[in-house]
Structures are given as C-alpha cells and as structure tokens.
Amino acid sequence: MLRQRILTALILAPIVLVTLTVLPPVATWILLSALVLMGAWEWTAFPGFANVRLRIVYFAAIALAMVAS
C-alpha cells in the first residue's frame, strides 16, 4: 500500500509542479477545479450516498462553494 502511494506521489508531484509554475493562471484554475470536483464525486461514496441524486447534490454544493470562494 505504501509503495503504491509513493509511486503515485512520484508521478503526480511533477505534474502539480508544472501545473503551478508553467500553465497560465486560468488554465491552472480550470485544471485544479476539475481535479477537486472529481475528488468530490469520489468522496460521495464514503458517506454511502447510494442515490445518484444525493451524489449530484453534494457535487453541486462543492462546485457552488468553489465558485463562491
């Protein structure tokens, strides 16, 4: 398990660094927002949102919070 996490970090760390330093601010914002929203969708499985409507409501709430911030 630790090996997989280290491997993932070794792959994702350069991608994040390039994203933060090379891409224009708008592209960085879009990419990071997409990643946060994908993570939010995955997190809906943890509280047991079996109903797709509840997952969509949670996803929309996260998206609205991102826009508001």
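**Exercise 1.** Classify Trp41 in this predicted model by its relative accessibility.

*Solution.* Start with the value: Trp41 has a relative accessibility of 29%. Next, recall the cut-offs: buried means under 20%, exposed means over 50%, and partly exposed is in between. Trp41 therefore counts as partly exposed. Now try Phe59: its relative accessible area is 29%, so Phe59 is partly exposed.

**Exercise 2.** Work out which kind of aromatic pair Trp41 and Phe59 form, and which helices the pair ties together.

*Solution.* Two quantities are needed here, since a pair of aromatic rings is described by the distance of the centres and the angle of the planes. Take the distance to begin with: the centres of the Trp41 and Phe59 rings lie 6.0 Å apart, and the cut-off for pairing is within 6.5 Å. Then take the angle: the planes make 80°, and angles over 60 degrees count as edge-to-face. The pair is thus edge-to-face, and it belongs to a set of 2 aromatic pairs in the structure. Finally, place the residues: Trp41 sits in helix H2 (residues 25–43) and Phe59 in helix H3 (residues 52–68), so the pair links parts 18 residues apart in sequence.

**Exercise 3.** Describe the overall build of the chain, from its helices to its surface.

*Solution.* Begin by counting elements: the chain has 3 helices and 0 strands, giving the pattern α-α-α along the sequence. Turn to the dimensions: the C-alpha atoms fill a box of roughly 35 × 35 × 15 Å along the principal axes. The radius of gyration is 15 Å, whereas a compact globule of 69 residues would have one near 11 Å.

Key. Residues are numbered from 1 along each chain as its sequence is written. This is a predicted model: local features need pLDDT of at least 70, side-chain atom pairs count only at pLDDT 80 or more; totals for chains, interfaces and linings use all residues. Side-chain values use heavy atoms; hydrogens and water are left out. Rings of Phe, Tyr and Trp (its six-membered ring) pair if their centres lie within 6.5 Å; planes under 30 degrees apart count as stacked, over 60 as edge-to-face and the rest as tilted. Helices (H or I, at least four residues) and strands (E, at least two) are DSSP runs, numbered from the N terminus. Buried means under 20% relative accessible area, exposed over 50%, partly exposed in between (1.4 Å probe, protein chains only). The radius of gyration is taken over C-alpha atoms; the globule rule is 2.2 Å times the number of residues to the power 0.38. Accessible areas come from the Shrake-Rupley method with a 1.4 Å probe; for residues, only the protein chains shown count as cover.
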